[in-house]
Amino acid sequence: MSTHLLTAALDAAERGWHVFPLRPANKRPALHGEDACPLIGDCAGGHRKWEDRATIDPDRIRRAWADRPFNIGIATGPSGLVVVDLDMPKPNSSTGTPCGVTTFGALCERAGQAVPTTYRTRTASGGHHLYFTAPPGVRLANSAGRLGKLIDTRAHGGYVVAAGSFTATGPYTVTDPTPPAPLPEWLYALLMPRQPVRAFMATPTAVNASRYASAALRAETAAVASAGEGVRNWTLTRAARALGRFIPSGDLSRGEVEEALNSAGLRAGLRERECRAAITSALNWSIAHNAVGRPA
């Protein structure tokens, strides 16, 4: 088993993915923590966390996996990856709880997009990991539930368990060996860091800004339409605040944002009066905080 895991770790490194050892048959890092750091070797200049010690160096990988069947962690940030984690409901969940794959499929459908074809693995629990290359020059963080229930993402500061690893519940296997596709614009629009419109408009051209504004409108309305009971109002408010920053710049009109979000809120099961009130309040807040030419 050690040889199999070593081969899998080397294969990942050949793709440019930075790997580090996880505990055998486990998902937790096998590297020492800061409290137990001996301050020697890699840590001679100070404790280095697993993300800093992840490597593509084949010699270091061979030494690390020489004696023990470590599972394989891929540090997504250094690897230039964004991984969408489509999880399974917990065993004690209600029988009607959709899995992450179903929720993600619904999100894609409402955004008018096909489920992306990209490198995909099946997790030990039966979920799926979709690998994408990160947009250049962008530092995306991890997210939990931002795209929908049982959908998380791993980017800077995160890691995923690589194919070839295994736990007591089963193996991690490749289900689609297609090379990772670039993160789709509409997904990026949902995951991109929230920032003032002036900073956003510093991107190279207004054409790019308009393209991302349109992608953001599609993605945010899809997220609202697919939001489940208990998070619908929160999702609607967050979407309105996110889209409101495109109004002062002229990339989107207030009318089209209001109508798109109201329609999405109604599809999610909200009443029109509460939709209108939430949208108006959130857009007013966003426009006030992102006004073009507002003193710094």
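Modeller: A residue is called buried under 20% relative accessible area, exposed over 50% and partly exposed in between, judged with a 1.4 Å probe and with protein chains only. This is a predicted model, in which local features need pLDDT of at least 70 and side-chain atom pairs count only at pLDDT 80 or more, while totals for chains, interfaces and linings use all residues. Residues are numbered from 1 along each chain as its sequence is written, and side-chain values use heavy atoms, with hydrogens and water left out.

The overall setting comes first. The protein has 10 helices and 12 strands; these are DSSP runs numbered from the N terminus, with helices (H or I) of at least four residues and strands (E) of at least two. Of its 296 residues, 43% count as buried. Contact is taken as heavy atoms within 4.5 Å. Among contacts between residues at least 6 apart in sequence, 73% join residues at least 24 apart.

The interior can now be examined. A nonpolar core is a set of buried Ala, Val, Leu, Ile, Met, Phe, Trp, Tyr and Cys residues joined through side-chain atoms within 4.5 Å. The largest one holds 47 residues, of which Phe104, Leu236, Leu243, Val257 and Leu261 touch the most other members. The elements that give two or more residues to this core are strands S3 (81-86) and S5 (128-133), together with helices H4 (100-110), H5 (185-191), H7 (206-225), H8 (232-244), H9 and H10 (272-289). Helix H7 makes the largest contribution to this core, with 9 residues.

Leu243 shows how some of these parts meet. Setting aside its neighbours within four places in sequence, Leu243 contacts Ala216, Leu217, Glu220, Leu252, Val257 and Leu261.

The 13 residues of H8 should span 18 Å at 1.5 Å a residue, which agrees with the 18 Å between its end C-alpha atoms; the expected span is 1.5 Å times one less than the number of residues. Buried in H8 are Arg232, Thr235, Leu236, Arg238, Ala239, Ala240, Ala242, Leu243 and Gly244.

Helix H9 (residues 254-267) has 14 residues and reaches 20 Å from its first C-alpha to its last, close to the 20 Å expected. Its buried residues are Val257, Leu261, Asn262, Ala264 and Gly265. They cover an arc of only 165° around the axis, which puts them on the same side of H9; the arc is that of the directions from the helix axis to the C-beta atoms. Just after H9, Gly269 takes a positive phi of about 105°.

In H10, 18 residues reach 26 Å from the first C-alpha to the last, close to the 26 Å expected. Cys275, Ala278, Ile279, Ala282, Leu283 and Ser286 are the buried residues of H10. Their arc around the axis is only 125°, which puts them on the same side of H10. These buried residues pack against H8 and H9. Arg273, also in H10, counts as exposed at 76% relative accessibility. The C-alpha atoms of Arg273 and Asn262 are 9.5 Å apart, with the two residues 11 apart in sequence.

A second, separate core of 21 residues includes Ile74, Leu81, Tyr119 and Ala163. Ile74 is also touched by Ser79, as are Gly16, Trp17 and His18, not counting residues up to four places away in sequence. Ser79 is found in the loop between strand S2 (71-75) and S3, and is buried at a relative accessible area of 11%. Its side chain reaches the backbone oxygen of Ala75 at 2.7 Å.

Leu150, in the loop between strands S6 (143-144) and S7 (151-154), has a positive phi of about 65° although it is not a glycine, and at 22% relative accessibility it counts as partly exposed. Ala25, likewise not a glycine, has a positive phi of about 55°; Ala25 lies in the loop between strand S1 (19-22) and helix H2 (50-53) and is partly exposed at 34%.

Conventions:
Polar contact = N/O pair within 3.5 Å; in protein donor to acceptor, adjacent residues only side chain to side chain.
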